[in-house]
Amino acid sequence: MKIGFIGGGHVAQVLAKLFIKEGHTVVLTNKHGLEKLKPVLERLGPQAQAGNLAEVARQDLIILAVPYKAVFEIDNQLLKGKDVVDATNYFPHRDGDIEKLREHQNATSELVAEHFEGAFIVKAFNSIPVADLAGLAAPEENVQKIALPLAGNDSRLKEKIADLIDQIGFVPYDVGNLADSRKMQSDTPVFLFIGNEKALGKKING
Ligand SMILES: NC(=O)c1ccc[n+]([C@@H]2O[C@H](COP(=O)([O-])OP(=O)(O)OC[C@H]3O[C@@H](n4cnc5c(N)ncnc54)[C@H](OP(=O)(O)O)[C@@H]3O)[C@@H](O)[C@H]2O)c1
């Protein structure tokens, strides 16, 4: 699959490495100039490229890996009809006070979906500390795998992301629809939690 990243920081780099290992290609973009991504591309190898937003948006799957507030700086028409993973987290101290999120009226990903109207959105890869992601991937069959939560309204896209999670060595855990993605946000016990399917289920369902 051709995977595009909006963002070329920690999350994008670690996920890109894991996806490349499974035979996918990646295109990364950033804010302060693609030149900055040169050493990243050298590390990732020939299956990785840098490109502008339009190039990233042409890939089969687009991962949002930017600070939450940056999502709303991106052209809201860019991802129409596209498959998108929201890997962002909202932190009021970093991203500012957002009225619609103050009382948990909305899941943070619902506002992302509202912004990119016409895109298919699944929330995933947000809750695990990125520093642990590569080390915890366990592609060997007999090793007990870590579960990663995902949530979204489109079952086709959820299957696609669940498959990707499985490919890189984790067990997908379906949290529910996009409104349910509240249960895996940065202000929940699921955030930064590392455990198998059963343990994650307990965290999510209380
Ligand atoms: N760190 C974690 O453990 C972790 C785990 C899961 C999810 N997350 C979430 O994932 C997101 C990314 O985290 P990170 O740790 O990868 O952050 P990061 O290392 O600071 O990287 C952020 C990237 O976003 C780019 N960016 C910012 N605004 C942009 C814009 N308008 N258009 C295009 N690119 C833009 C930055 O470009 P420049 O480099 O040019 O500034 C940078 O490459 C955050 O929402 C974070 O909360 C983090």
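Predicted model: local features only at pLDDT ≥ 70, side-chain atom pairs only at ≥ 80, totals over all residues.
Figure 1. How does the radius of gyration agree with that of a compact globule? A compact globule of 206 residues would have a value near 17 Å, and the chain has 16 Å, so the two agree.

Figure 2. Of the 206 residues, 50% are buried. As for charges, the chain has 24 positive and 27 negative ones, and their mean positions are 3 Å apart.

**Figure 3. The annotated stretch, residues 2-90.** An unreviewed UniProt entry gives these residues the annotation "domain: Pyrroline-5-carboxylate reductase catalytic N-terminal". Within the span, 27% is helix and 24% is strand.

Figure 4. You can find Leu41 in helix α2, which covers residues 38-44. Is Leu41 buried or exposed? Its relative accessible area is 19%, and buried means under 20%, so Leu41 counts as buried. Leaving aside residues up to four places away in sequence, Leu41 touches Ala48, Gln49 and Ala50. Leu28 is 13 residues from Leu41 in sequence, and their C-alpha atoms are 8.9 Å apart in space.

**Figure 5. Phe125, a loop residue with a positive phi.** Phe125 sits in the loop between strand β6 (120-124) and helix α7 (130-136). Its phi is near 65°, a positive value in a residue other than glycine. Why is that worth a look? Most residues other than glycine have a negative phi. With a relative accessible area of 5%, Phe125 is buried.

**Figure 6. Leu192, another loop residue with a positive phi.** Here the loop runs between strand β8 (171-176) and helix α9 (197-205), and Leu192 lies in it. Leu192 is not a glycine, yet its phi is positive, at about 70°. How accessible is Leu192? Its relative accessibility is 47%, so Leu192 counts as partly exposed.

Notes. Residues numbered from 1 in each chain as written. Heavy atoms only, no water. Rg over C-alpha atoms; globule rule 2.2 N^0.38 Å. Buried < 20%, exposed > 50% of the residue type's maximum accessible area, 1.4 Å probe, protein only. Lys, Arg positive; Asp, Glu negative; His and termini not counted. Charge placed at Lys NZ, Arg CZ, Asp CG, Glu CD. UniProt positions renumbered as here; feature names shortened; annotations may be inferred. Helix = DSSP H or I, 4+ residues; strand = E, 2+ residues; numbered from the N terminus. Contact = heavy atoms within 4.5 Å.
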